[in-house]
Amino acid sequence: MAPRLELRGISKSYPGVIANDNISLSVLPGEIHAVLGENGAGKSTLMKIIYGATHADEGEIRCDGKLVPEHGPAVSRELGIEMVYQHFALFESISVVENIALSMPGKMDLDGLALRVREVSERYGLPIDPDRLVLTLSVGERQRVEIVRCLLREPKLLILDEPTSVLTPQAVQKLFETLRQLSDEGCSILYISHKLDEVRDLCQTATVLRNGQVTGETDPRKATSAELARMMVGSDLPEMMVESSELSNAPILSVSNLTLEAESVTGTSLKSISLEAYGGEIVGIAGVSGNGQGELAAAISGERITNAAEDVVLEGRPIGHLDAGKRRDLGLGFVPEERLGRGAVPPYELSENALLTAHRKGMVKHGMANRKKAREFASHVIDKYKVKANGPEAKAHGLSGGNLQKFIVGREIELDPRALLISQPTWGVDVGAAAHVRQTLIDISRSGQAVIVISEELEELFEICDRIYVICHGKLSQSLNRAETNVEEVGLLMTGIGSQTNDSGSTTEGFDYAV
Amino acid sequence: MDLFVSIFTATIIAATPLILAALGELIVEKSGVLNLGIEGMMLIGAAFGVWAHFAGLPMFLAVVIAVLAGMASSLLFGVLALTFMTNQYAAGLALAIFGAGVSAFIGRGFGSTPVEAIQPIDIPGLSNIPVIGEMFFHYDPLVYFSFVMFGAVSWFLYQTKAGLTLRAIGESPDSAHAIGFHVIRIRYLAVMFGGGMAGLGGAYLSLVYTPLWVENMTAGRGWIALALVVFSAWRPKRVVLGAWLFGGMTILQLQGQAMGLAIPSEVLSSLPYLATIIVLVLISQNRQAMALDFPVSLAQPFRPKG
């Protein structure tokens, strides 16, 4: 049997980096094939080459045994290769079926298409309502739309790029059922991921990439996670050092009964949220993205002022009415999820970025910035947190995501906050740097500070948190002790089972279409 | 009754150039492009229309020339804003100023010479109905054309795949590009449509409304058309309602001045502008509904990636 897709000696380099170095792999018809690797291992480049969005410098692509000479997205479609992107290319202001119509060739027949969408979505267990506006859909639902859009074209090879990062554990299982059904029908699947458990659960073959090279090809069902990790990372994963700790007598940061209207139509309103963080512990907030995490972070950090000052209390002092700068003055540190643009100013030097929040350490006198002190501070952070950068004069956007994250986290920690709120601490950060950031968070919590981590990565929360809250539809669950809960329980809370199922769809009501 | 009928018809006529220009701009903005140069394009249309008329061309061709002139001037904007990706605000303002200058140059020599205006047409059977005939069936062809364009723009935007594509590009040109649409090409077409409609609106002023050429004769209508699009929350129906409101207020304040109301004429003259903006602000209070129709990528230059 000729492989559905065969790559031979694919190489691609960008200025300064070799993204893909002599990569070969082959996918059989109906096979679920994993491409496993860390962030930056070259997975995304390889997928773009397969889909035709970029061209390889060297090597050849064969489809069903035939050489693909001139590649491009249009050729891919003809060959039956479809791709579900990590960041969806959906338009929010129009309905599901209109979105799908845009990528179908020929005349538009919305009614007929809606029927086919329903058919396909039922057949593969991907329930979506074709008439809903995309902006009312959750991230998971949007992904279903993307997958259905691909399935309508009856693909022979489906590429999925990190599809589970936006899903609850239960939704992941449902997705896997769909993918297995597709594979049984003869559709090949190329599954890109850095999550070992999923690959071992789903895939029949795995090609592991590291630094742009193939470091192994194996049957993931037979290999252990440790073996796969070693191929992926090149060494054994570091173990976290979590010591038991003593909690402060009173919570350092508490949020009580916080209710806050969403600012935009795509936002989530917060509904009577209460949480407490004691000194000496790490509190995690789990949830599927878009369930109010951004709004909660803004309300705690001071980017949004809350309705009552008592909604947010820092060491017994109401701070809900204070702006972000004043809250920082009082000892509240904040690391936002977007590093460039919110955590740091991209074209500024690291020392200037340090100045932005660390000016509180006597770097400004009579309104004048003391650049020498700022540079010293930045150098100190760079050394202490092992940031790979050309000194304090390096521009923020010149650093890799992981290094910039280490710098920003370091900057905030050196300010010695009483409470630190950190959102998505290890997004896009390679395994080594992620371990470093996590260990740092554990260390500062053990030194008596309160740490709140908002993350979509459940494994991360289970690794470092003492307690976990779950946010869903703007509501926060009871706190769960890590030692007494498990992934399934948290996963169920993430879907908001029982409480919010009738909530979806109502958002469109009240839209005034009349003039 | 006669007064009411004459105010009604005068309102429809006063609103026509605004409807034409604003419908054009609506399509431009729905594609994510902000062309602030409507005033300039209207002036160019007005001046070229008069020029063509005095060059001896039949009225129909004079109107066509005005439309082509508007399109050509919008192409200047298009090259700057779409091909060279300059700041759209700056390019639009430049076009507004450029249009004022070019139109003054073209109109030299025709200053205040009356033009034989395009006449209302009678529709057999309908125009003779008392009152109704006068109110609805006794207009020049361009008024009917503006109604047709309203229908066409609404149908295009909400019923056709091309309209869907246009709205999609206005929301996210990157996603549209990823699906394989030619963002820049479609935006060029939208910009040219906007230019043609503005040129037509200008020609309406100089060939029908006040049939002669006067420098800067648009008197801010281009800016009002721009405001109409924004405050109508990018919906064709509201554009037309807003234009009628503005037209009606213009006529009413003229009547007021003629009747010698003891209010300074400057205050009365400002009423249409104030009233239109206040009403449109009030009806666009529903932010959720606004968000649906707002072209998110408005005024952001698009650079195709990869």
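How many salt bridges does a search of the whole structure find over all chains? The search finds 33 salt bridges (a side-chain nitrogen of Lys or Arg within 4 Å of a carboxyl oxygen of Asp or Glu) over all chains.

The model is predicted, so local features are described at pLDDT of at least 70 and side-chain atom pairs at pLDDT 80 or more, whereas totals for chains, interfaces and linings use all residues. Residues are numbered from 1 along each chain as its sequence is written, chains are lettered from A and ligands numbered from 1 in the order in which they are written, and side-chain values use heavy atoms, with hydrogens and water left out.

**Figure 1. The salt bridge between A:Asp131 and A:Arg118.** The two side chains meet at 3.6 Å, N to O. A:Asp131 lies in the loop between helix H4 (110-123) and helix H5 (139-151) of chain A and A:Arg118 in helix H4, so the pair ties together parts that are 13 residues apart in sequence. Helices (H or I, at least four residues) and strands (E, at least two) are DSSP runs, numbered from the N terminus. A:Asp131 is exposed, with a relative accessible area of 52%, while A:Arg118 is partly exposed at 36%. Here buried means under 20% relative accessible area, exposed over 50%, and partly exposed in between, with a 1.4 Å probe and protein chains only.

**Figure 2. The salt bridge between A:Arg328 and A:Glu412.** The closest N and O atoms of the pair are 2.6 Å apart. A:Arg328 belongs to helix H10 (residues 324-329) of chain A and A:Glu412 to helix H13 (residues 401-414) of chain A, so the bridge ties together parts that are 84 residues apart in sequence. Both A:Arg328 and A:Glu412 are buried.

**Figure 3. Helix H11 (residues 350-358) of chain A and its surroundings.** Seven of the nine residues of H11 are buried, so the helix is largely enclosed by the rest of the structure. The buried residues are A:Leu350, A:Ser351, A:Asn353, A:Ala354, A:Leu355, A:Thr357 and A:Ala358. Against them pack H10, strand S18 (368-369), helix H12 (371-384) and H13 of chain A.

Figure 4. A:Glu456 is buried yet has no salt bridge. The nearest side chain of opposite charge, A:Lys195, is 8.5 Å away; Lys and Arg count as positive and Asp and Glu as negative, with His and the chain ends not counted. The side chain of A:Glu456 makes a polar contact with the side chain of A:Gln424 at 3.2 Å. A polar contact is a pair of N or O atoms within 3.5 Å; within protein, one must be able to donate a hydrogen and the other to accept it, and residues adjacent in sequence count only if both atoms are side-chain atoms. Leaving aside neighbours within four places in sequence, A:Glu456 is in contact (heavy atoms within 4.5 Å) with A:Ser165, A:Gly287, A:Ser289, A:Gln424 and A:Trp427.

**Figure 5. Positive phi values at A:Ser272 and A:Glu315.** Phi of A:Ser272 is near 30 degrees, a positive value in a residue other than glycine. A:Ser272 is placed in strand S12 (residues 270-278) of chain A and is partly exposed, with a relative accessible area of 42%. A:Glu315, also not a glycine, has a positive phi of about 45 degrees. A:Glu315 is found in the loop between strand S14 (312-314) and strand S15 (317-318) of chain A and counts as partly exposed at 42% relative accessibility.

**Figure 6. The salt bridge between B:Asp293 and B:Lys30.** The two side chains meet at 3.9 Å, N to O. The pair links distant parts of the chain, with B:Asp293 in helix H13 (residues 287-293) of chain B and B:Lys30 in helix H1 (residues 2-30) of chain B, 263 residues apart. Both B:Asp293 and B:Lys30 are buried. The secondary structure of chain B comes to 13 helices and zero strands, and 52% of the 306 residues of chain B count as buried.

**Figure 7. A network of salt bridges in chain A.** The residues linked in this network are A:Glu6, A:Arg8, A:Glu60 and A:Arg62.
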